[in-house]
Amino acid sequence: MVKRILSHHNIHTADHQKNNMTRRHSFEDTSLTDNRATSAPMIHNDTSIEDEYHHHNSKKKHSVTIVDVGTTELAMNKSNEQQTEIREQWSEKLDFLLSIIGFAVDLANIWRFPYLCYKNGGGAFLIPYVLSVVLGGMPLFYLELLLGQYYRQGAITCWRKICPLLAGIGWAVTIIAFYTDFYYNVVISWGLYYLFASFRKILPWSECNHRWNTPDCSTVNTRRQFLKDCINQFNTTLNNTIDLSSINSNEQHSFETSLFYENCSEKLTQLKIVSPAQEYFHLQVYRLNQTHNLSLENLGNINWQNLGCLAIIYLICYFSMWKGVKTSGKVVWFTALFPYVVLTILMIRGLFLNGSMKGIEYYIRPDLSKLNDPSVWVDAASQTFFSLGPGFGVLMAFASYNDFHHNVFRDAMITVAVNSLTSFASGFVIFMFLGYMSEVSGRAIKDVAEQGSTLVFIVYPEAIATMPWAPVWAIFFFLMLLTLGLDSSFGGSEAIITALSDEFPVLRRHREWFVGILFLFYFLIGIPSCTDAGVYFVELLQNYAAFYSIIIAVFFEAIAVSWLYGITRISEDVKQMLGTKPGKFWLGTWCIASPLFLGGIILSGLIHYINPTYGKLTDPFYYKYPDWSHLLGWMFALSSIIFIPAVAIYQLLIEQGSFIMRFRLAITPWKERQRNQNPDIIISTNHVLKKYVSEETI
């Protein structure tokens, strides 16, 4: 392990005896490897030193020791022979681009952005969203890719080299990614469950005649008839001139323009009438039978079908990742591109649905008054951050497998643009179908629009179930969800694998076993999520595992790079990789805009924090979490970011001198510490060289 070798004073002194050394020179050399395309260029030859040396004494014995940290792992055996392991790289440049696009474009683009856009002023929401992308999300996304490509290490090792004082950031983000995988793959397994269920002539969530259905179950047509009868009753009572009796209940018209719609809609909500799609998810996918008193204390029995789907998901992940980025880089050609094929098909189909134009109008109709609401800006900032995904260590891990001079700027800009456009385009698809659902059910769009898992596993499937050829559209939709989730899951797992493998190289040499054990552990942790009330466990993890902790971790990342590592150093690093220094825009956003962007999200989230619940108070399957679960959730969230202050305190304690001296030493980057400790180490880009020329009289 290279860093351990470098930590000792006697760094490989082959043929270098202190007693008979008469002169020692440090000089520059050419590349350490003949494979110039896969490593950073080294410092060029200084022939004058070498020629002069040979001229003075041709009978000198040369001993050269080279330590290369970055693209290779180096070990020395007892015979002082060098053994190197070249760092794996992407097979093709497009593998990297598709991997980061696949990671950035995930389920949040489908189930969160469209709803936020509708809720926060339609087209007006694009103003705070674009500003958040430009000033916050894009700079942080680009910065993390730069750091990963420059240091060619996972998060743990990389942050220790950037700023030893805040080396805990690497551990924090790795643990957060670890926690996130506890529930994210369970959500993907729901998509697989629905995909299998879609291979039927009649979708199981379209009717109320199944064994899991209750007397409260009501189909779309039944709910529509209830609204029609209710409004007619009001009309008759008040002798209203509006006559709805001529409207055929089979025709697709919404009743929202009626004078009494709100009264009847509220009455329908109070009755807690349940749709077949709601009961399918809560009583078949899960078993939230109200008579069983299920809760976090009593999760019930294991649902073996859920567990089987989860096992399949982990098998897919394992065989996609067990050989490294060369295999996962090929899998993403399907998982990253296929969702766009499905999205295009669904968009074309949606254009021909009754009510689709109404849905689009609700989606993009601008309401500029919403911009006066601070929560709109917070929603835009949080959506930008969680959609692009800086801070999980994924971007750093993916970029570490790039060629040192790869044009990561181009890929960053492409990914940010694709991610934002995908979010916006998916909104059209979602709201076309919501407009259609509004017409079919007779309800207003505001009463059918949802976000999160409710949208993609209840509202959207119910809309699909009412369409001709419903199973075909359901298969397309859930295949899209499955692929959207899988490539994001690949990214999260690769962040953990790379970080730990770089910190403990023995894991890389046994990657197949390491990945297998990791996914087996995930599977065991996922068993509680596959019980009768496992959805409560999933939602609790989703609320506490990553939200606040990842924002705090990335806030410290921005501080560490811009104010401790310093703009001068990062500018020189970028110049070495890309040939030019970053412009004033990037420096300004890294130093000022990004920290303010993250700080605003943190403060707003804490100020407006309320204890999460499962569902709304009016929902039939509403569940209020016990107080102890919130305390446990906060402990869970803090267990990752506690590494940041803990490592900082430890780093200050092990340094020597006054507090100011300790602090200065603790913020000194690794490459400068090595240079200060031993002038014979020459650091060039992502390589560290050490050369000795010893002279012995023969």
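A: Happy to. Keep in mind that this is a predicted model. The structure contains 1 disulfide.

Q: Which cysteines does the disulfide join?

A: C208 is joined to C217, with an S to S distance of 2.0 Å. As a reminder, a disulfide is a covalent bond between the sulfur atoms of two cysteines.

Q: And which hand does the link of C208 and C217 have?

A: The link is left-handed, with -70° about the S-S bond.

Q: While we're on cysteines, how do C317 and C591 look?

A: C317 counts as buried at 0% relative accessibility. C591 counts as buried too, at 14%.

Q: Good to know. Let's zoom out: how many helices and strands are in the chain?

A: The chain has 30 helices and 4 strands. It has 698 residues, and 58% of them count as buried.

Q: How much accessible surface does the chain have?

A: About 29600 Å², and 61% of that belongs to carbon and sulfur atoms.

Q: What about contacts along the sequence, how many join residues at least 24 apart?

A: If you take contacts between residues at least 6 apart in sequence, 82% join residues at least 24 apart.

Q: Now the inside. How many residues are in the largest nonpolar core?

A: There are 190 residues in that core, and W205, F281 and F457 have the most contacts inside it. Helix 8, residues 168–197, gives the largest share of this core, with 19 residues. Another core lies apart from it, with 7 residues that include C230, I231, Y261 and C264.

Q: Why would nonpolar side chains be buried together?

A: In soluble globular proteins, that is what nonpolar side chains tend to do.

Q: Over to the outside, then. Which residues form a nonpolar patch on the surface?

A: They are I127, V130, L131, V134, L135, L368, W377 and F585, with about 660 Å² of accessible area together. Helix 6, residues 126–151, supplies the largest share, 5 residues.

Q: Where is V134 placed?

A: V134 is in helix 6. With a relative accessible area of 30%, V134 is partly exposed.

Q: Is R152 buried or exposed?

A: R152 is at 0% relative accessibility, so it counts as buried.

Q: And where is W469 found?

A: W469 is in the loop between helix 20 (453–465) and helix 21 (470–503). Its phi is near 55°, again a positive value in a residue other than glycine. W469 counts as exposed because its relative accessibility is 69%, and the cut-off for exposed is over 50%.

Q: Great, thanks for the tour!

Conventions:
Residues numbered from 1 in each chain as written. Predicted model: local features only at pLDDT ≥ 70, side-chain atom pairs only at ≥ 80, totals over all residues. Heavy atoms only, no water. Patch = residues over 30% accessible without salt bridge, like charges linked within 9 Å, V, L, I, M, F, W, Y side chains within 5 Å. Areas by Shrake-Rupley, 256 points an atom, 1.4 Å probe, with all protein chains shown as cover. Salt bridge = Lys/Arg side-chain N within 4 Å of Asp/Glu carboxyl O. Helix = DSSP H or I, 4+ residues; strand = E, 2+ residues; numbered from the N terminus. Buried < 20%, exposed > 50% of the residue type's maximum accessible area, 1.4 Å probe, protein only. Core = buried A, V, L, I, M, F, W, Y, C linked by side-chain atoms within 4.5 Å. Contact = heavy atoms within 4.5 Å. Disulfide = S-S within 2.5 Å.
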